[in-house]
Amino acid sequence: MTNKKSRNPALVIMKRELGAYFSSPIAYIVICINAVILSLAFFKGLFLGYNFFLYKRADMRYLFTFETFLLTLFVPVLTMKLFSDEKRSGSIETLMTLPVTEISVVTGKALAAFITSLVVIAPSVFFPILISFCGKLDANQIISGYIGLILLCALFSTIGVFASAVTKHQIVSLFISFPVCLILMGVYVPFSIPKSIPHFIDEFFKFLSTYEHFTSISRGIIDLRDIMYFVTVSALFFCLTVVTEQNERK
């Protein structure tokens, strides 16, 4: 008897895309580069002047901060070919003639990008083990930090899939998704906001900031508003991708 799950077009497409990721060097290169840069940033003070061996504090906050900005680049790199490569080669037309819906196609590709991005951050789970030798870790901080990273991976994956759906060129897709992710991360910088700006404008930009919502979660404050932000914005880009594919199919 055929497994019913294997008949699900979204799962079939997801498995195909995951196979494409891990049968080529790109996923392994991104995983290795992310692990190396994250290690250098956290332990050797490559960025922001933070050096773990100098302070020797059992604190994961800087690690999560570094990872968020690495994901801002690496997730768009992973997603840039999902639709654009198929559109350039023409294979997307063959895919769309099959009995699949646009929702299934977008779901399968988005899930593959999301799972791959989780694999990218997976090596960082060894960091708490190393850091624990310097003191007792805050388990709540670690759990909430990884929850934040998972939500961030989901958001950036949907942004990347959308960017890939609107162009036939991988580089153009990267140049769309990377700035969008970067803007969402840096739209609110507290020390650069003039005090003369009305409070509601300040709060508006703060609400738009992905980094602010991530920081709130990583501190151990699981606020429904922060969760809804990630869910809503991810759903928005998912729906935009579906609409884009539906318009192209007409």
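Analyst: What follows takes the labels one at a time; the model is predicted.

User: Why is E17 called buried?

Analyst: Its relative accessible area is 4%. Buried means under 20%. The value for E17 falls under that cut-off, so E17 is buried.

User: What makes R16 partly exposed?

Analyst: R16 has 39% relative accessibility. Buried is under 20% and exposed is over 50%, with partly exposed in between. R16 sits in between, so it counts as partly exposed.

User: How do you know that E17 and R16 form a salt bridge?

Analyst: Their side chains meet at 2.9 Å, N to O. The cut-off is within 4 Å, so the pair qualifies. In general, side chains of opposite charge can pair when their charged atoms come close.

User: Which residues are linked with R16 and E17 in a network of salt bridges?

Analyst: E86 and K109 are linked with them in that network. The structure holds seven salt bridges.

User: What makes R88 and D85 a salt bridge?

Analyst: The closest N and O atoms are 2.7 Å apart.

User: Is R88 buried or exposed, and why?

Analyst: R88 has a relative accessible area of 54%. Exposed means over 50%, so R88 is exposed. D85 has 25% relative accessibility. That lies between 20% and 50%, so D85 is partly exposed.

User: How do you know that D223 forms a salt bridge with R225?

Analyst: Their closest N and O atoms are 2.8 Å apart. Within 4 Å is enough, so this is a salt bridge. R225 has 63% relative accessibility. That is over 50%, so R225 counts as exposed.

User: Why can I129 be part of a nonpolar patch on the surface?

Analyst: I129 has a relative accessible area of 48%. A patch residue needs over 30%, so I129 passes. With 48% it is partly exposed. I129 lies in helix α8 (residues 127-131). V125, F126, L130 and F133 are also in the patch. Together the patch residues have about 570 Å² of accessible area.

User: Which residues touch the most other members of the largest nonpolar core?

Analyst: Y21, M60, L71, F156 and F230 do, out of 60 residues. Helix α9 (residues 139-165) gives the most to this core, with twelve residues. Leaving aside neighbours within four places in sequence, F156 is in contact with residues including L71, V75 and M185.

Conventions:
Residues numbered from 1 in each chain as written. Predicted model: local features only at pLDDT ≥ 70, side-chain atom pairs only at ≥ 80, totals over all residues. Heavy atoms only, no water. Core = buried A, V, L, I, M, F, W, Y, C linked by side-chain atoms within 4.5 Å. Buried < 20%, exposed > 50% of the residue type's maximum accessible area, 1.4 Å probe, protein only. Helix = DSSP H or I, 4+ residues; strand = E, 2+ residues; numbered from the N terminus. Contact = heavy atoms within 4.5 Å. Patch = residues over 30% accessible without salt bridge, like charges linked within 9 Å, V, L, I, M, F, W, Y side chains within 5 Å. Areas by Shrake-Rupley, 256 points an atom, 1.4 Å probe, with all protein chains shown as cover.
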